Amino acid sequence: MAGRFIVFEGIDGAGKSTLIDEVSKKLESAGIRTVVTAEPTEGPIGMLIRSGAVKCISPNAEALLFTADRACHTSEIVGWMEEGTTVLCDRYYASTIAYQSAGLDGTVSGKEWLMDINRPVTVEPDTTILLDIDPEAGMRRVGERGARSKYEVTEYLGRVRSNYLEIAEEKGFRIIDASRPKDEVLRETMKILGE
Ligand code: TMP
């Protein structure tokens with residue numbers, strides 16, 4: 001039987017990576033083989049994005065890079081699913097729609113265009129879980145963690161959050177209040193996945 005494709009979305013500091021690790025442990029101990037993966041990937045295009053070497057490119061070019069990285073990633077994801085492995089993915093196409101249409105420097109990429117370029121290079125996840133959190137709380141967590149990407153700006157993340165909520169409504173994502181204690185968030189996630 002083909003594996004499931006489960007995506008976790010949310011602004012920086014929402015707690016996706018910790019949650020994904022916990023979910024993976026629980027599924028593995030229930031005998032379900034999982035792979036944990038993330039975008040930007042660790043492939044050549046993902047590493048280029050992560051290197052910061054593309055700081056000065058236009059937002060549309062940046063959106064194309066995230067999407068190109070995803071095109072390669074999708075082939076891997078489909079391969080894992082065909083092997084019967086459940087894929088837990090930290091960010092997928094909704095990240096590009098939410099972030100690149102939020103206009104970090106005042107320039108926005110249109111949502112329609114972002115959807116159009118993503119459609120041919122993505123597969124629809126079985127479930128997408130949106131970890132929803134207020135950007136102030138997210139930033140506090142990011143602060144504790146130390147690292148700051150250029151996207152970690154409260155006001156900008158507020159717009160990203162609104163975009164996420166809009167996409168979630170359109171696409172039927174499951175929304176979890178990520179400001180709650182971690183064990184509650186995990187419990188709710190496992191309940192959704194059990195369905
Ligand atoms: P990460 O912190 O989850 O590793 O992601 C790195 C940053 O990249 C994060 O601030 C969100 C941003 N990002 C986009 O702007 N667009 C995308 O399509 C993806 C996948 C990430």
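**View 1. Residue classes in the shell around the ligand.** In this predicted model, the shell holds six charged, four polar and four nonpolar residues. Charged means Asp, Glu, Lys and Arg; nonpolar means Ala, Val, Leu, Ile, Met, Phe, Trp, Tyr, Cys and Pro; the others, Gly among them, are polar. Asp12, Arg70, Arg91, Thr96 and Gln100 come nearest of the 14 residues around the ligand. A residue counts as near with a heavy atom within 4 Å.

**View 2. Polar side chains at ligand oxygen atoms.** The side chain of Thr96 places an N or O atom 2.5 Å from a ligand oxygen. For Asp12 the corresponding distance is 2.7 Å. For Arg50, a polar side-chain atom lies 3.5 Å from a ligand oxygen. The protein buries 88% of the 480 Å² that the ligand exposes when taken alone (Shrake-Rupley method, 1.4 Å probe).

View 3. α4 gives four residues, the largest share of the shell. Helices are DSSP runs of H or I with at least four residues, strands are E runs with at least two, and numbering starts from the N terminus.

View 4. Most peptide bonds are trans, and most residues other than glycine have a negative phi. The bond joining Glu39 and Pro40 is cis, with omega about -5°. Pro40 sits in the loop between β2 (34-38) and α2 (44-51). Arg91, not a glycine, has a positive phi of about 80°. Arg91 belongs to the loop between β3 (86-90) and α4. Arg91 is buried at 12% relative accessible area (buried is under 20%, 1.4 Å probe, protein chains only).

**Notes.** Residues are numbered from 1 along each chain as its sequence is written, and side-chain values use heavy atoms, without hydrogens and water. Local features need pLDDT of at least 70 and side-chain atom pairs pLDDT 80 or more, while totals for chains, interfaces and linings use all residues.

Methods: Polar contact = N/O pair within 3.5 Å; in protein donor to acceptor, adjacent residues only side chain to side chain. Buried < 20%, exposed > 50% of the residue type's maximum accessible area, 1.4 Å probe, protein only.
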